[in-house]
Amino acid sequence: ERPTFWEPPRLWREVSREVAKDYPDVELEFMYVDNAAMQIIQKPSAFDVLVTENMFGDILSDAASVLPGSLGLMPSASL
């Protein structure tokens, strides 16, 4: 997300921080999608759960799917 020029990420951060107060045992961290994609490839075990909006979720799930080799390797699965 790039909160410097786009309004929705500001609301996303505000709501996330508010909800996080109810879960003090859960670590909340914000990062840009390009950095998250790089980190997911380098050290996937650092992530238990990712919460993001749809477009960035698509980007990150595509990046993460190359780790087990699932993206594009099973074209018959989309019957």
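A: One term before we start: a helix here is a DSSP run of H or I covering at least four residues, and helices are numbered from the N terminus. Keep in mind that this is a predicted model.

Valine 15 sits in helix H1, which spans residues 8–20. Is valine 15 buried, exposed or partly exposed? Its relative accessibility is 44%, so it counts as partly exposed, because that label covers the range between 20% and 50%. Valine 15 also belongs to a nonpolar patch on the surface, together with Leu11, Val19, Tyr23 and Val26. Taken together, the patch residues have about 490 Å² of accessible area.

Now head inside. The largest nonpolar core is made of 9 residues: Met31, Val33, Ala36, Ala37, Ile40, Phe47, Phe56, Leu60 and Ala63. Zoom in on alanine 36: leaving aside residues up to four places away in sequence, alanine 36 touches Met31, Phe47 and Leu60.

How far can you trust the picture? The chain's average pLDDT is 79, with 76% of residues scoring at least 70. Among the elements, H2 (residues 33–42) has the highest mean, 90, while H3 (residues 54–65) has the lowest, 83.

Terms used
Residues are numbered from 1 along each chain as its sequence is written. This is a predicted model: local features need pLDDT of at least 70, side-chain atom pairs count only at pLDDT 80 or more; totals for chains, interfaces and linings use all residues. Side-chain values use heavy atoms; hydrogens and water are left out. pLDDT is the predictor's confidence in each residue, from 0 to 100. Helices (H or I, at least four residues) and strands (E, at least two) are DSSP runs, numbered from the N terminus. A nonpolar core is a set of buried Ala, Val, Leu, Ile, Met, Phe, Trp, Tyr and Cys residues joined through side-chain atoms within 4.5 Å. Buried means under 20% relative accessible area, exposed over 50%, partly exposed in between (1.4 Å probe, protein chains only). Contact means heavy atoms within 4.5 Å. Patches are made of residues with over 30% relative accessible area and no salt bridge: like charges are joined within 9 Å, nonpolar side chains (Val, Leu, Ile, Met, Phe, Trp, Tyr) within 5 Å. Accessible areas come from the Shrake-Rupley method with a 1.4 Å probe; for residues, only the protein chains shown count as cover. A salt bridge is a side-chain nitrogen of Lys or Arg within 4 Å of a carboxyl oxygen of Asp or Glu.
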